[in-house]
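This report is written for a reader who is meeting the structure for the first time. It begins with a pair of helices and then turns to other parts of the model.

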Amino acid sequence: MTASAYLSDLVAPDLRVEYRLVEELIPYARNARTHGEAQIAQIAGSIREFGFNNPVLVDGERGIIAGHGRVLAARRLGMTSVPVIELTHLSPVQKKAFVLADNRLALEAGWDREVLALEVADLAEMGFDVTLAGFAEKELKDLCQSESSPERVEVLDHEDELPDPSPATVSRSGDLWLLGQHRLLCGDSTLAEAVTKVMSGQRAALLFTSPPYGNKRDYTTGGIADWDGLMRGVFANAPMGQGGQVLVNLGLIHEKNEWHPYWEGWLDWMRGQGWRRFAWYVWDQGFGLPGDWNGRFGPSHEFVFHFNRQSRRPHKIMPCIHAGEDRDFKSGLRGKDGVVQKWNGKTFQTQESKIPDSVARIFRHQARGIETGHPAVFPVALPEHFMLAFTDPEDVCFEPFSGSGTSLVAAQKTGRICQAIELAPEYCDIAIRRFAGLFPQESITLEDGRTFDEVSAERAGDASDSGSQNNA
Ligand SMILES: C[S@@+](CC[C@H](N)C(=O)[O-])C[C@H]1O[C@@H](n2cnc3c(N)ncnc32)[C@H](O)[C@@H]1O
């Protein structure tokens, strides 16, 4: 027999999908595989979501060879018929063995946990209930906590994680980097001289930033011992211009099984400095992972505190779905009498764009793909949203907690100017490399004109002369 003739013999003859009444299918009396109530419920959920896509394998006499769980689930769902494939070519012995083999062989398959974590995160992001794919909540949580999971930073934002220390950090404290029109100072934003240096006489129209959330996370420079002190230091020096808007992103942290209002003292202090508690927005981060987070719903939102001394009208930056269409509908505003007013013009054209509402709906996962190595990156779309709403092109935005340089990227994209400060030299390097990768046309130099590569080469020489690898 030739090899191809032999292989074609392996294809079962004339496999056809047929439909049989569920009540006519006969379970194998000695089926060794068991199906608990919970699993039947899972299979039923999957059939409800995806349909009955995997035909039951039956012998020539309606006896089930494979698919006992699916048939039980179909019964539970009240299905009257299901697809089947008749395996008439199996001998009685083969049939008996295949009932076991079909179940047993599947158990030998493994999972590429990295790919699995990506798929699960994608599905969660698309709003799909991943438990319908058969994963238990605990399993999903473990998966996303796994060291190998590239989603870890984004999915589990509230967990501490240190970035990989760069073997040779180029930036040093005091460096002022010029990235195109923007500046990044490696320094401490609680220090007035650092702010003066990075601002170079300019005043900011916007401060949008994400400080460390309380004392939760360790950065390469260590944890935050005195959060109030840090915040007071930074905001006492905020170089805001007349009418400048200050927006600060903070997330919940929990202590002793309660969420902790760590921002309270700082909010009062801001008020004492003349910064009105003007608004409080929510950042909706998109679909979180399903599951039980110690008895809580999974986290998928944070806050943005908006302060100012005088308000400014935000720009219309959100596209209107019905842009350009003639519409004639109620204004939607309720009068003093409680009655919703009718629009009193005849018709009007829906505008192209509108002012955002108080919920910024920006997927956390939009930061994915940027290999920043920073533990708390926010998506570029977040600073972009506030820059577009509260500044004009060429306006200066101050970023006192620059991290991986997300605000620098957003400013470049929106035609604003960002003056940023970051304490950790490692994160300054990350921001510079990230900016260089995204905007290769922009020059990047130290204030004395040396390029990042030149400085890197010189400092690598310094380090090897002194026998040290890390010059931070
Ligand atoms: C929440 S992270 C900001 C992440 C940033 N939004 C991003 O997308 O990468 C806070 C950052 O503030 C930095 N930081 C902490 N204290 C600082 C200080 N006194 N001056 C400047 N930066 C500081 C930390 O090193 C950390 O990178």
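## A pair of crossing helices

In this predicted model, helix α11, which covers residues 381-390, and helix α12, which covers residues 406-414, have axes that come within 8 Å and cross at roughly 45°. Because angles from 65 to 115 degrees count as roughly perpendicular and those under 35 degrees as roughly parallel, α11 is described as oblique to α12. The crossing in which α11 passes α12 is right-handed.

On the side of α11, the contact is made by P383, E384, M387 and L388, while α12 contributes T406, S407, A410, A411, K413 and T414. By type, the residues of this contact divide into five nonpolar, three polar and two charged.

## Around the ligand

There are 23 residues around the ligand, and those that come nearest are F401, G403, S404, T406 and L423. The shell around the ligand is made up of 13 nonpolar, eight polar and two charged residues.

## A residue in a loop

D357 is placed in the loop that lies between β16 (353-354) and β17 (359-361). D357 counts as exposed because 10 other C-beta atoms lie within 10 Å, and the cut-off for exposed is 12 or fewer. Although D357 and M318 are 39 residues apart in sequence, their C-alpha atoms are 9.1 Å apart in space.

## The chain as a whole

The protein chain contains 14 helices and 20 strands, and 31% of its 472 residues count as buried. Among contacts between residues at least 6 apart in sequence, 72% join residues at least 24 apart.

Definitions and conventions:
Residues numbered from 1 in each chain as written. Predicted model: local features only at pLDDT ≥ 70, side-chain atom pairs only at ≥ 80, totals over all residues. Near = placed C-beta within 6 Å. Nonpolar A, V, L, I, M, F, W, Y, C, P; charged D, E, K, R; others polar. Helix = DSSP H or I, 4+ residues; strand = E, 2+ residues; numbered from the N terminus. Buried ≥ 20, exposed ≤ 12 C-beta atoms within 10 Å, placed from the backbone. Contact = placed C-beta atoms within 7 Å. Axes fitted to C-alpha atoms, helices over the stretch in contact; angles between N-to-C directions. Parallel < 35°, antiparallel > 145°, perpendicular 65-115°, else oblique. Left-handed = near helix turned anticlockwise from the far one by under 90°.
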